[in-house]
Amino acid sequence: MKTTLTALVVGFFLVGARYEVAISYFSRLRNVSVASPDRQNFFVIDPDVWKYARPDLGDVRLYDSQSQVPYALVKQSGGSSSQESAAKILNLGKVAGHTEFDLDVRGLEEYGRVRLRVDAKNFICNAQVQGRQNPNDRSGTDLGSSTLYDFTAESLGSNFALKFPSSSFPYLHVRLAPGINPNQIKGAYISNFSETKAAWSQAGNCTAVSGAPKRSVFECSLVDGMPIERLTFELPPSAVNFNRAVVVSDEKGSELQRGSISRVRVNRAGQTVISEDLAVDLYPRTAKQIRVALENGDDAPLLIQQVQPLSFQRRVYFDAKGQSALRLSYGDSKLEAPSYDYGKFFRQSPDAAVAQVGPAEANSQFTGRPDDRPWSERHNGALWVAMLVAVAVLGGLALRGLKSNPSSAAQ
């Protein structure tokens with residue numbers, strides 16, 4: 001019982017223990033020039049911070065003299081949101097060779113995209129959309145047109161989405177170009193798609209190297225400590241109508257992830273499809289090097305002008321409260337992430353000013369934290385010497401006891 005109670009007390013103090021913050025424990029110090037002291041500012045985490053700070057950036061601190069300045073660390077990942085709802089198809093039929101139908105979208109406040117389920121392959125088709133108040137109206141508000149396509153035979157992908165400005169009509173009327181029959185329309189799903197752009201930092205550089213046949217290979221040196229989260233590929237505009245697999249491997253050649261890049265520019269029967277995706281999103285990981293390979297198959301290698309590793313920007317937002325100069329500190333691996341009310345209730349200002357971070361420099365006051373390991377870990381050699389001496393002493397005493405009592409030894 002006593003042993004259990006002691007263990008609980010020790011565990012309580014270990015869990016509750018937090019490392020103190022002190023300037024002398026940070027290995028790096030930098031000046032921060034505030035752009036607008038009277039409003040929200042931010043700066044971007046750069047390679048030196050990634051190199052010396054904790055992987056989660058939890059040891060980053062801002063100071064006004066000796067006082068901490070609360071901040072919010074924000075990952076500029078952007079994103080999109082889209083919640084689909086099934087739309088009821090009405091009046092599906094053919095008019096003058098065109099498949100036409102209405103969509104009942106009552107109950108939705110706003111929407112800007114329709115995804116059709118079409119039972120067809122290897123086609124290209126223009127689709128016109130109108131907003132209407134009633135399903136039997138003969139005309140409505142023009143919401144524009146989209147090109148639907150499927151290039152299964154060429155392995156160039158497909159698109160079944162109609163995109164138009166955000167609308168709130170109770171009904172939509174869709175008219176397809178000849179080529180798609182009414183019985184091939186199997187469903188429709190409507191959504192309001194919104195997107196915010198991501199912000200990126202360069203996470204390294206890539207160089208073309210020789211590789212296996214039918215592969216274009218690049219070796220990438222990455223920024224120390226910075227997570228890589230995307231690869232982008234730059235090609236000349238003349239490179240069109242391709243879809244290539246991309247294989248990402250570590251330094252030892254073990255495959256980490258696969259993706260693909262593509263660019264489609266097709267003109268058929270007077271209709272043009274233009275689509276491209278020249279980026280591969282990666283699971284966040286830190287490494288010193290990776291290898292990127294494009295699988296060309298039997299096609300000629302693409303003229304890749306650049307492969308660029310990227311990482312989402314991490315921004316430090318703060319209110320300067322009239323101060324024009326602050327100090328940035330980092331490089332204390334044992335310091336826990338801060339907990340500020342500013343971060344809990346943070347709202348990003350659309351007109352936040354960009355603060356300037358000065359050159360990276362070592363902290364002249366740096367001493368490092370005191371060694372808080374147990375005595376046995378800090379003096380491992382002395383502990384082994386003491387154990388050997390104890391064994392030798394015990395062995396000597398045992399031998400002496402045997403010599404002093406020969407009769408016992410004989411028995």
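In what follows, a residue is called buried when its relative accessible area is under 20%, exposed when that area is over 50%, and partly exposed in between (1.4 Å probe, protein chains only). The model is predicted, so local features need pLDDT of at least 70 and side-chain atom pairs count only at pLDDT 80 or more, while totals for chains, interfaces and linings use all residues. Residues are numbered from 1 along each chain as its sequence is written, and side-chain values use heavy atoms, with hydrogens and water left out.

**Exercise 1.** Determine whether Arg28 and Asp48, which meet in a salt bridge, are buried or exposed.

*Solution.* Step 1: a salt bridge requires a side-chain nitrogen of Lys or Arg within 4 Å of a carboxyl oxygen of Asp or Glu. Step 2: Arg28 belongs to strand β1 (residues 28-33) and Asp48 to helix α2 (residues 47-52), 20 residues apart. Helices (H or I, at least four residues) and strands (E, at least two) are DSSP runs, numbered from the N terminus. Step 3: Arg28 has a relative accessible area of 12% and is therefore buried. Asp48, at 16%, also counts as buried.

**Exercise 2.** State which parts of the chain the pair Arg30 and Asp46 ties together.

*Solution.* Step 1: the closest N and O atoms of this salt bridge are 2.6 Å apart. Step 2: Arg30 lies in strand β1 and Asp46 in the loop between β2 (40-44) and α2, so the bridge joins parts 16 residues apart in sequence. Step 3: Arg30 is buried, with a relative accessible area of 4%.

**Exercise 3.** Find how many salt bridges the whole structure holds, and which residues are linked in a network.

*Solution.* Step 1: a search of the whole structure finds 18 salt bridges. Step 2: Arg215, Glu255, Arg258 and Glu295 are linked in a network of such bridges.

**Exercise 4.** Locate Val393 and classify its accessibility.

*Solution.* Step 1: Val393 is placed in helix α5 (residues 380-404). Step 2: Val393 has 46% relative accessibility and therefore counts as partly exposed.
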